[in-house]
Amino acid sequence: MSENTFRKGNADQTELDNFNRLSNTWWDTEGEFGALHKINPFRLDFIRRHQTIENQSVLDIGCGGGILSESLALAGADVTGIDLADEVLTIAKLHGLDSGVTVNYQLIAAEEYAQQHPEKHNIVTCMEMLEHVPDPASIVQAAADCVKPGGWVFFSTLNRNYKAYLLAIFAAEQLMNLVPKGTHTYEKFITPAEMDQMARQSDLYLRDSSGIEFNPVLQRYGLTDKVDVNYLLAYQKAE
C-alpha cells in the first residue's frame, strides 16, 4: 500500500485542515488548545501509574503540536511523534527548537509507521485522536503492532452519550469557546465497550481506566473514576 493510500484511507481531510488552520495557537496555554495543556499533567500521571517513562522508547500517535510528546521527552523518554497535519507538525518542530526538547517528529500515517517499525516501542500513546479518524480500529491495530510484547498502550477519547455531547460540544465549543467550534463530531465518539472490543481484537488487554474531570467553571481538573465523558484507558500487549 502506498504512502498516499495510507494517508487518504484513514484521515479526514476536513479534520486535518481544521487543525492546520489553528496550528499557530497550539502552544498558547490560554488559547484554543488551552484545554489540552490543562489535562496534560493528568495524562502523564496516568501513564506513570503503570510504566516508568524514563529511558523508555515511546511512540505518540496523533502527536499534534507536541504537548504530550515534549512532556514525555522531558520525563526522560526517547520519543517519536507522528501525525498527518503537516502545518501542526511544523509548529511542533519549531517549538522543540525553542524549548530545547528533542522529539523525532514524522509526517506519516500510523498504519505505515507500524509496517516499518513493528514491536519497536515500550510505550505507545494515542490521546484525543481516535474520535477524529474514519477508522479508529485501524489506529488501535497500528498502536498494538508498534508496541513490544508486554508493552503498554494508552488511549484517551470521548464517550458517546448525551452528557458527553452537552459538555464536549454544546458547552465547550458553542457556549464557552474552550475548544474551536467544529473540533468534535458526536457520531465519532467511542464508548468504552467499543474501545475495548477494538483493543481485544488487537491483542491488547485492559489494565486500568480513568476519567478526566474538566470543569472550567469551578476550576477543577484531574483524574476521576467516572468515564462518562473524557476517559483514559491503559492496555498491555500480550507477551
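In which helix is the place of Leu-16? Leu-16 sits in helix α2, which covers residues 13-21. The model described here is predicted.

**Leu-16 and its surroundings**

- Leu-16 has a relative accessibility of 14%, and it counts as buried because the cut-off for that class is under 20%.
- Leaving aside residues up to four places away in sequence, Leu-16 touches Ala-11, Leu-84 and Ala-85.
- Leu-16 and Glu-87 are 71 residues apart along the chain, and their C-alpha atoms are separated by 9.3 Å.

**Helix α4**

- Helix α4 runs over residues 67-74 and is mostly covered, with seven of its eight residues buried.
- The buried residues of α4 are Ile-67, Leu-68, Ser-69, Glu-70, Ser-71, Leu-72 and Ala-73.
- Helices are part of what covers these buried residues, including α3 (34-48) and α5 (86-99).
- Strands also take part in covering them, including β1 (57-61), β2 (78-83), β3 (104-107) and β4 (121-127).
- Gly-76 follows α4 and has a positive phi, near 105 degrees.

**Aromatic pairs**

- The count of aromatic pairs comes to six.
- In the pair of Phe-46 and Phe-154, the ring centres are 6.1 Å apart and the planes stand at 80 degrees; the pair is edge-to-face because this angle is over 60 degrees.
- This pair links distant parts of the chain, since Phe-46 belongs to helix α3 and Phe-154 to strand β5 (residues 147-158), 108 residues apart.
- Phe-46 is buried, at a relative accessible area of 0%, and Phe-154 also counts as buried, at 0% relative accessibility.
- Phe-155 and Tyr-235 form an edge-to-face pair, with 6.0 Å from centre to centre and 70 degrees between the planes.
- Phe-155 lies in strand β5 and Tyr-235 in strand β8 (residues 230-237), so their pair ties together parts that are 80 residues apart in sequence.
- Phe-155 counts as buried at 1% relative accessibility, and Tyr-235 counts as buried at 0%.
- Phe-19, Trp-26 and Phe-33 are linked into a cluster by ring pairs.

Note on methods
Residues are numbered from 1 along each chain as its sequence is written. This is a predicted model: local features need pLDDT of at least 70, side-chain atom pairs count only at pLDDT 80 or more; totals for chains, interfaces and linings use all residues. Side-chain values use heavy atoms; hydrogens and water are left out. Buried means under 20% relative accessible area, exposed over 50%, partly exposed in between (1.4 Å probe, protein chains only). Helices (H or I, at least four residues) and strands (E, at least two) are DSSP runs, numbered from the N terminus. Contact means heavy atoms within 4.5 Å. Rings of Phe, Tyr and Trp (its six-membered ring) pair if their centres lie within 6.5 Å; planes under 30 degrees apart count as stacked, over 60 as edge-to-face and the rest as tilted.
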